[in-house]
Amino acid sequence: MSTALVTDLTIFVLALLVGIEVIGKVPATLHTPLMSAANSIHGIVLAGALLIGVTAHSVVGYVLAFIAAFFAAANVVGGYAVTGRMLKMFRRRTPGGPVPTQKNES
Amino acid sequence: MSSFTATIQLVYVLAAACFVVGLHLMNSPATARRGNQVSTGGMIIAVVATLILLIHDGTVTGIGWTVIIVGALLGSVVGLYSARTVKMTAMPQLVSMFNAVGGGAAALVAVYGYMHDESTRAGVLGTTTVSTVLDVIIGSVTFTGSLIAAGKLQGTITGQPVVFKGGRVLNAVLAIVAVGAGVFMFTTASQPALLIVALASLAFGVMMVLPIGGADMPVVISLLNAFTGTAVAMAGFVITNWALIVAGALVGASGGILTKLMADAMNRSLWNIIAGGFGTGDSAVPVAVAADAQIRSIAADDTAIQLAYASKVIIVPGYGLAAAQAQHAVAELAQVLESRGIEVSYAIHPVAGRMPGHMNVLLAEANVPYPQLKEMDEVNPEFARADVALVIGANDVTNPAARRPGNAISGMPILDVDQAKSIIVIKRSMASGYAGIDNELYANPKTSMYFADAKKALAEMTAAVKTLVG
């Protein structure tokens with residue numbers, strides 16, 4: 001087992017523990033935005049997809065790089081946009097106070 | 001490690017730190033938006049660092065640049081469009097689609113990495129790593145599994161469990177083929193073997209999700225989310241990128257926690273769900289609500305009297321509310337009651353909706369302030385003080401039978417609706433819920449049934465309250 005692999009494994013295990021600690025505190029109210037935020041974070045695979053480009057010099061390589069970049073970009077951009085859209089809806093007070101008001105179109 | 005690559009790695013560490021801080025800020029609705037912004041910032045840093053790395057490397061061909069830039073731009077447009085236009089009720093499908101593409105991209109990174117490695121060092125032992133094989137297996141299973149889950153949620157594939165003879169045997173065979181071909185790769189570097197691993201895993205993903213019923217989707221989505229995270233972490237091992245490893249581990253942890261929470265809230269083990277068969281109602285032992293039990297039905301005017309003169313009302317929304325698109329109607333009724341000084345809150349069971357926390361998003365969209373959204377443990381002691389509990393489209397999660405042993409929902413955590421002084425249930429019919437058993441709550445002398453579509457019923461109640469109090 002190489003030193004690099006040991007380092008990678010250490011980072012993986014520690015990050016897993018940090019994740020359990022941090023995410024365990026998120027209230028149930030926010031579980032859907034949490035999952036959506038986690039979704040956008042795994043969009044980091046875009047970095048991996050772009051790095052394929054470094055060594056891709058064949059048709060198969062280009063096709064794989066294209067699909068991977070497409071998938072990962074959809075994941076990361078869509079993920080952050082939809083999480084933001086959801087979180088914007090969580091308000092402490094009803095706009096305009098407790099009296100029914102016009103529908104809030106944003 | 002040259003000072004340049006070291007700097008880039010450090011930038012990746014910074015990005016990973018932003019992800020952790022971003023998730024940490026999500027522990028309260030007040031700071032959650034900032035959390036998302038911090039996380040977005042981290043992502044931009046990581047992508048820019050990667051582009052700098054590519055430019056610095058200088059080996060990317062013109063076609064290479066075109067391919068990745070066009071691919072990424074097209075993907076961004078598709079992602080942004082779906083994010084902007086998706087209905088909140090369709091959120092689970094979208095999350096499932098993002099799981100699919102994330103897992104798919106992770107698998108492709110490993111497939112490419114392996115092909116490239118093998119073509120340059122053909123036949124050399126030790127080029128196959130455990131992480132490559134795991135990445136391809138988990139990523140492929142996530143890809144097809146999530147597509148099937150999204151199809152089931154959208155209704156393009158039946159929500160009923162699709163079970164056929166020999167399905168489990170086929171599953172076992174596919175798993176053995178995928179793992180077997182993977183193990184073979186450790187002894188002999190082989191591209192065809194990798195192809196077999198990928199194909200068997202893709203088929204396994206389909207076969208894994210097809211037999212699972214619609215009611216179990218909150219668990220399935222959470223599980224596939226954990227899979228995607230793990231696949232991305234494995235991709236990080238393959239290309240030795242710390243940002244991918246940390247991000248993947250964070251998502252894996254999040255998916256794992258949510259999977260456990262959802263399975264506990266449904267009173268089912270993960271294995272039981274994956275093995276399938278729930279939601280068919282076949283195995284459920286009916287709980288006898290005596291045939292002569294008094295089911296009282298109630299008119300809008302009478303509900304209005306109960307609601308208008310209450311001092312505390314707890315609303316219990318279930319997926320039926322969302323299915324009837326009645327979020328805005330319930331929010332309007334709540335506002336009318338609040339304007340009379342009545343304390344209104346919402347009791348939300350963890351599995352209300354089609355994914356973890358789904359009901360909260362639907363109510364937030366209807367302008368319900370989040371301090372009124374109460375979790376099960378927080379709200380259960382409050383039912384005893386409530387004058388009226390208004391149950392809308394929720395069934396199994398309110399059934400007191402769960403407190404007794406010997407039936408399909410025994411031990412399932414429920415909302416203590418029966419503790420309220422009076423209970424009004426809005427329901428279209430006496431049909432049973434997913435567990436396939438009768439709800440004893442309906443036979444409770446304190447309970448009145450209002451048989452109607454949720455949206456129509458709420459509009460009638462609101463109108464009746466307004467007429468009553470002028």
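B:Thr240 lies in the loop between α8 and α9 of chain B. Helices here are DSSP runs of H or I with at least four residues, strands are runs of E with at least two, and both are numbered from the N terminus. The model is predicted, so local features need pLDDT of at least 70 and side-chain atom pairs count only at pLDDT 80 or more, while totals for chains, interfaces and linings use all residues. Residues are numbered from 1 along each chain as its sequence is written, and chains are lettered from A and ligands numbered from 1 in the order in which they are written.

The phi of B:Thr240 is positive, near 45°, although the residue is not a glycine. Most residues other than glycine have a negative phi. B:Thr240 counts as partly exposed because it has 14 C-beta neighbours inside 10 Å. A residue is buried if 20 or more other C-beta atoms lie within 10 Å of its own, exposed if 12 or fewer, and partly exposed in between, with C-beta atoms placed from the backbone. B:Gln325 also has a positive phi, near 55°, and is not a glycine. B:Gln325 sits in the loop between α12 (319–323) and α13 (327–339) of chain B. With 14 C-beta neighbours inside 10 Å, B:Gln325 is partly exposed.

Helix α9(B) has 24 residues. Its first and last C-alpha atoms are 35 Å apart, close to the 34 Å expected at 1.5 Å a residue. The expected span is 1.5 Å times one less than the number of residues. Of the 24 residues of α9(B), 21 are buried, so the helix is mostly covered. B:Asn267 follows α9(B) and has a positive phi, near 65°. Just after α2(B), B:Gly58 takes a positive phi of about 75°.

Chain B holds 16 helices and six strands. Its C-alpha trace spans about 80 × 50 × 35 Å along the principal axes. Of its 470 residues, 55% count as buried. Two residues are in contact if their C-beta atoms, placed from the backbone, lie within 7 Å. Among contacts in chain B between residues at least 6 apart in sequence, 80% join residues at least 24 apart. B:Val163 is found in the loop between α5 (130–154) and α6 (167–187) of chain B. The C-alpha atoms of B:Val163 and B:Ser3 are separated by 57 Å, and the two residues are 160 residues apart along the chain.

Chain B is assigned domain 1 (1–85), domain 2 (98–280) and domain 3 (300–469). These bounds come from an automatic or database domain assignment. The centres of domain 2 and domain 3 of chain B, taken over C-alpha atoms, are 38 Å apart. In the contact between them, 13 residues of domain 2 of chain B meet 11 residues of domain 3 of chain B. On the domain 2 side, the elements giving two or more residues are α8 (217–238) and α9 (242–265) of chain B. That side has 10 nonpolar, three polar and no charged residues. Ala, Val, Leu, Ile, Met, Phe, Trp, Tyr, Cys and Pro count as nonpolar, Asp, Glu, Lys and Arg as charged, and the others, Gly among them, as polar.

The contact between the chains takes 100 residues from chain B and 83 residues from chain A. Helix α9(B) gives the largest share of the chain B side, 16 residues. The chain B side divides into 59 nonpolar, 34 polar and seven charged residues.

The largest nonpolar core has 210 residues. Such a core is a set of buried Ala, Val, Leu, Ile, Met, Phe, Trp, Tyr and Cys residues joined through C-beta atoms within 7 Å. Its largest share, 19 residues, comes from helix α4 (residues 59–89) of chain A. B:Val109 and B:Leu250 have the most contacts inside the core. Among the residues that B:Leu250 touches are A:Ala15, A:Ile41 and B:Phe19.

Chain A has four helices and zero strands. Of its 106 residues, 59% count as buried. Its mean pLDDT is 86, and 87% of its residues reach 70 or more. pLDDT is the predictor's confidence in each residue, from 0 to 100.

Methods
Lists of a residue's contacts leave out its neighbours within four places in sequence.
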